[in-house]
Amino acid sequence: MKLFIWMLLLYSIPFAFLMVTLLYSKSKKYYTLGKTLASIGFIVVAIVSGLEGTHLIDVWHTMPAFLLCLTGDVLLGIYNQNKQKEYFLAGLCVFLCGHIGFFLSFARMSGVLVWEMIIPVFGVMLTIWLEKRPGMNTEKLKVGILLYSYFVSLLLTKTIFMAVKECSAGTLLLAIGAGLFLISDVLLLFLNFYKKRFLTLHVANLITYYYGIFLMAASFQFFS
């Protein structure tokens, strides 16, 4: 537990820098750098957690997904600064691959049940409802967003099934982290496709995403 607390404190340093680049106008040019440093942080946390626990091999199998998330963070950081849609689309595609990578890694660890593949359909239905809200305009990305929503819901479903099956501190942290990850994506939907852009949503999006993926990375030291 001491290692977890120390990692949390150290991880919060680059995240604090990221928040400075978001909230203070003179620092906004460093926003992409801030996202990159914070993302390197969860890569380090995953490796250290694997070395501390007994599941290093699972960390290596999950590492491509973490690296895809890092790449997606950089692309979305660039998009946030220059507003060129190709960076957003690239970031969305990379994150989609990251979600698939997480699912495949966790499926390797605990197998796959039919219900795990069916339940995420409800996440897609929720996304359809959100897309139809007044002020929401997903333009030509409706199908891509629905596909994305299925896989982020699949990731959460998978981790919840793991937590119920194994009932360990590691799987519980993994499920909580995946839940925060999903919340961050819902906030991202409003952040990029709602008619008004709120700074508080951006702050909440970064907090839920970076600490969600931190919990996922740190969970490996607690697996039984």
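This note goes through helices, cysteines and selected residues of a predicted model.

1. Basis of the values. The model is predicted, and local features are reported only where pLDDT is at least 70, side-chain atom pairs count only at pLDDT 80 or more, and totals for chains, interfaces and linings use all residues. Residues are numbered from 1 along each chain as its sequence is written, and side-chain values rest on heavy atoms, with hydrogens and water left out.

2. Packing of α2 and α3. Helix α2 (residues 31-52) and helix α3 (residues 56-82) pack with their axes 8 Å apart and at an angle of about 175 degrees, where helices are DSSP runs of H or I with at least four residues, strands are runs of E with at least two, and both are numbered from the N terminus. The axes are lines fitted to C-alpha atoms, for helices over the stretch in contact, and the angles run from 0 to 180 degrees between N-to-C directions. The two helices, α2 and α3, are therefore roughly antiparallel to each other, a term that applies to angles over 145 degrees, while those under 35 are roughly parallel, 65 to 115 roughly perpendicular and the rest oblique. The residues of the contact of α2 with α3 divide into 17 nonpolar, 7 polar and 2 charged; here Ala, Val, Leu, Ile, Met, Phe, Trp, Tyr, Cys and Pro count as nonpolar, Asp, Glu, Lys and Arg as charged, and the others, Gly among them, as polar.

3. Buried positions in these helices. Gly 34 lies in helix α2 and is buried at a relative accessible area of 0%, where buried means under 20%, exposed over 50% and partly exposed in between, with a 1.4 Å probe and protein chains only. Leaving aside neighbours within four places in sequence, Gly 34 is in contact with Pro 14, Phe 17 and Leu 18, contact being heavy atoms within 4.5 Å. Thr 62, in helix α3, is likewise buried with a relative accessible area of 0%, and, not counting residues up to four places away in sequence, Thr 62 touches Phe 102, Ser 105, Phe 106 and Phe 220.

4. Helix α4 (residues 85-110) has 26 residues and reaches 38 Å from its first C-alpha to its last, close to the 38 Å expected at 1.5 Å a residue; the expected span is 1.5 Å times one less than the number of residues. After α4 comes Gly 111, with a positive phi near 80 degrees, and after α7 comes Cys 167, with a positive phi near 50 degrees.

5. Cys 167. The phi of Cys 167 deserves a check in the model, as a positive value in a residue other than glycine. Most residues other than glycine have a negative phi. Cys 167 is found in the loop between α7 and α8 (169-193) and counts as exposed, at 68% relative accessibility.

6. Cysteine pairing. A search of the whole structure finds 0 disulfides, a disulfide being a pair of cysteine sulfur atoms within 2.5 Å. The sulfur of Cys 97 has its closest cysteine sulfur in Cys 93, at 7.0 Å, which is too far for a bond. Cys 97 is partly exposed, at 41% relative accessibility.

7. Thr 200 and Leu 130 are 70 residues apart in sequence and 19 Å apart in space, C-alpha to C-alpha.
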